[in-house]
Amino acid sequence: MEEREINISESLKIIQSMVNKTQRQFSDDSFYYIMWGWLVFTASVAHFILLQLNVPQAPIVWLLMPVGGIVSMIYGAKQSKKEKIKTYVGNYMSYLWGAMGMAMLVVLGMAFKIGFDVTYPILILIYGIGTFVSGGLLSFRPLIIGGVICFALSVVSFFAMFQYQLLFIAAAMLASYIIPGHLLKAKFNN
Amino acid sequence: MALKELNPLLHSQLRLAVMSLLAGVKEADFSFLKEETNSTAGNLSVQLQKLKEADYIEIEKSFKNNYPQTTCKMTNKGLSAFNEYVENLKEYLVPKKT
């Protein structure tokens with residue numbers, strides 16, 4: 001492309017082709033959904049099994065979460081080195097997940113205050129907000145559906161016993177992170 | 001009614017391409033603009049400078065992994081000018097009846 005005078009139809013062609021190029025610039029974030037999905041799924045199922053076996057140290061499995069945090073940070077730093085543009089959607093996503101992370105920490109930190117029996121249902125609700133809004137921003141229906149399933153699972157889990165709430169978390173992960181995450185990855189690979 | 005004159009700063013192949021790319025993103029690297037517009041670094045620099053002088057874009061120079069990096073971002077003034085250009089362009093396509 002050079003610097004030269006153009007006519008009206010050339011103008012339109014340029015605008016159209018350039019706008020098309022930026023519209024396709026979505027980064028593949030499926031890694032986060034898949035990694036966090038499997039991590040939380042594994043921790044909640046392991047916690048449930050250990051509770052059934054009467055292992056008192058069962059909650060120790062949640063130490064997997066800081067590991068996930070570190071992996072996410074390393075992956076994020078590597079990705080940002082490769083990034084050539086910053087999109088508005090990417091910007092909204094980072095604020096959304098930042099808010100989600102803070103909300104989860106507040107709920108977990110205040111669990112002794114609000115009661116452990118409602119902590120997990122509220123967390124499922126927060127997971128659902130994350131995938132529902134992300135699905136909207138990316139126009140990716142499986143994430144939106146996953147979010148709706150989380151809302152439903154959250155309501156039901158309020159009535160479940162603590163140990164069974166762990167299975168609701170596992171189900172929420174499967175429906176709103178693991179399955180949509182793999183579908184998102186497949187979409188990018190095509 | 002006479003057709004409005006198209007903004008000469010935008011009515012040029014490379015500058016219009018750059019502005020169209022920047023209109024859709026928050027910010028973009030020099031290398032991205034160069035690849036997508038298929039232009040030479042020298043020519044792109046000159047055109048970016050013209051857009052910068054008109055306050056249509058902001059150019060930020062920094063370092064990323066020890067390599068110099070140039071990031072470009074459209075300003076509000078640039079976005080208004082771009083939108084106005086597109087509006088005027090429409091009039092050429094469907095001229096208003098006088």
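## Basis of the report

A residue is termed buried when its relative accessible area is under 20%, exposed when that area is over 50%, and partly exposed in between, using a 1.4 Å probe and protein chains only. The structure is a predicted model, in which local features need pLDDT of at least 70 and side-chain atom pairs count only at pLDDT 80 or more, while totals for chains, interfaces and linings use all residues. Residues are numbered from 1 along each chain as its sequence is written, chains are lettered from A and ligands numbered from 1 in the order in which they are written, and side-chain values use heavy atoms, with hydrogens and water left out.

## An enclosed helix in chain B

Helix α1 of chain B covers residues 13-23, and because 10 of its 11 residues are buried, this helix is largely enclosed by the rest of the structure. Its buried residues include Leu14(B), Leu16(B), Val18(B), Met19(B), Leu21(B) and Leu22(B). Gln13(B), Arg15(B) and Ser20(B) are also among them.

## Architecture of chain A

Chain A contains eight helices and one strand; helices (H or I, at least four residues) and strands (E, at least two) are DSSP runs, numbered from the N terminus. Their order from the N terminus is α-α-α-β-α-α-α-α-α.

The radius of gyration of chain A is 21 Å, whereas a compact globule of 190 residues would have a value near 16 Å; the radius is taken over C-alpha atoms, and the globule rule is 2.2 Å times the number of residues to the power 0.38. Along the principal axes, the C-alpha atoms of this chain fill a box of roughly 75 × 30 × 30 Å. Of its 190 residues, 35% are buried.

## Architecture of chain B

Chain B has four helices and three strands, arranged along the sequence as α-β-α-α-β-β-α. Its C-alpha trace spans about 60 × 25 × 20 Å along the principal axes. Buried residues account for 46% of the 98 residues in this chain.

## Contacts and surface

Contact here means heavy atoms within 4.5 Å. In chain A, 70% of the contacts with a separation of 6 or more involve residues 24 or more positions apart. For chain B, 55% of the contacts between residues at least 6 apart in sequence join residues at least 24 apart.

Accessible areas come from the Shrake-Rupley method with a 1.4 Å probe, and for residues only the protein chains shown count as cover. Chain A exposes about 10700 Å², of which carbon and sulfur atoms supply 70%. Chain B exposes about 5400 Å², with 51% supplied by carbon and sulfur atoms.

Strands of both chains form an open sheet of four strands, in the order β1(A)-β1(B)-β3(B)-β2(B), with antiparallel pairing. Its edge strands are β1 (85-86) of chain A and β2 (57-64) of chain B, each of which pairs on one side only. Two strands are taken to pair if DSSP finds at least two bridges between them.

Eight bridges join β2(B) to strand β3 (residues 67-74) of chain B in the antiparallel sense. Ile57(B) lies opposite Met74(B) in β3(B), and Phe63(B) has Pro68(B) in β3(B) as its bridge partner. The hairpin of β2(B) and β3(B) has two residues between the strands, and Asn65(B) adopts a positive phi near 50° in this hairpin.
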